[in-house]
Amino acid sequence: MNKTFDRYAGIVFLAIGAAFVIGSRSISTSAYGSNVGANIFPMVLGAFLALMSLRLIYETFRRQQSEKKKQNLDYKRFGIIFAAAVLYAYFLEDVGFVISTFLFLLIGFQTMQRGRIWVSLLISAVFSYGVYFLYVNVLDGSLPGFPTWLGLS
């Protein structure tokens, strides 16, 4: 990795995380039919992004770059994951959180590391349903459930 790029990316993501935390304070604290306010999710994600950015900035100062190697950018993987993210956002309401998150994670895992399909399937399934269960049943939040055409609702 490029140390200078990582440092600047860390600073940019730190600013984005701080903006999410600050912006989430202006969102209402309660939502209809939900004990978890609409401000909690962006605030937690912004704080997490800011903390990870601080870690990245710290690592760039700590790491010694022994050899300089020019790395080629992997446009194919970026394109696949970007397209998957756009499709995920587009079909989230129609397909539901669990199925769309499962498919997005599966595509992302297989794009980054081919093979080990069973591990990717297991992690994608456990994560997508686990987050849905925790957010909807434990925190009393609301996420798009399973689609009605599946007959599971």
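Author: Residues are numbered from 1 along each chain as its sequence is written, and side-chain values use heavy atoms, with hydrogens and water left out. In this predicted model, local features need pLDDT of at least 70 and side-chain atom pairs count only at pLDDT 80 or more, while totals for chains, interfaces and linings use all residues.

Reader: What puts the buried residues of α1 on the same side?

Author: The buried residues of α1 are Asp6, Ala9, Gly10, Gly17 and Ser24. Because they cover an arc of only 105° around the axis, they lie on the same side of α1; the arc is that of the directions from the helix axis to the C-beta atoms. On the other side of α1, Tyr8 and Ile22 are exposed. Helix α2 (40-62) is included in what covers the buried residues of α1.

Reader: Why is Ser53 called buried?

Author: Buried means under 20% relative accessible area, exposed over 50%, and partly exposed in between (1.4 Å probe, protein chains only). Ser53 has a relative accessible area of 3%, and therefore counts as buried. This residue lies in helix α2. Leaving aside neighbours within four places in sequence, Ser53 is in contact (heavy atoms within 4.5 Å) with Gly10, Phe13 and Leu14. Ser53 and Asp6 are 47 residues apart in sequence and 9.4 Å apart in space, C-alpha to C-alpha.

Reader: What makes Thr111 count as buried?

Author: Its relative accessibility is 11%, so Thr111 counts as buried. Thr111 is placed in helix α4. Not counting residues up to four places away in sequence, Thr111 touches Arg77, Ile80 and Ile81.

Reader: What describes the crossing of α4 and α5?

Author: The axes of α4 (residues 97-112) and α5 (residues 117-138) come within 8 Å and cross at roughly 145°. Axes are lines fitted to C-alpha atoms, for helices over the stretch in contact, and angles run from 0 to 180 degrees between N-to-C directions. The residues making this contact include Phe97 and Phe109 of α4 and Leu121 and Tyr132 of α5.

Notes. Helix = DSSP H or I, 4+ residues; strand = E, 2+ residues; numbered from the N terminus.
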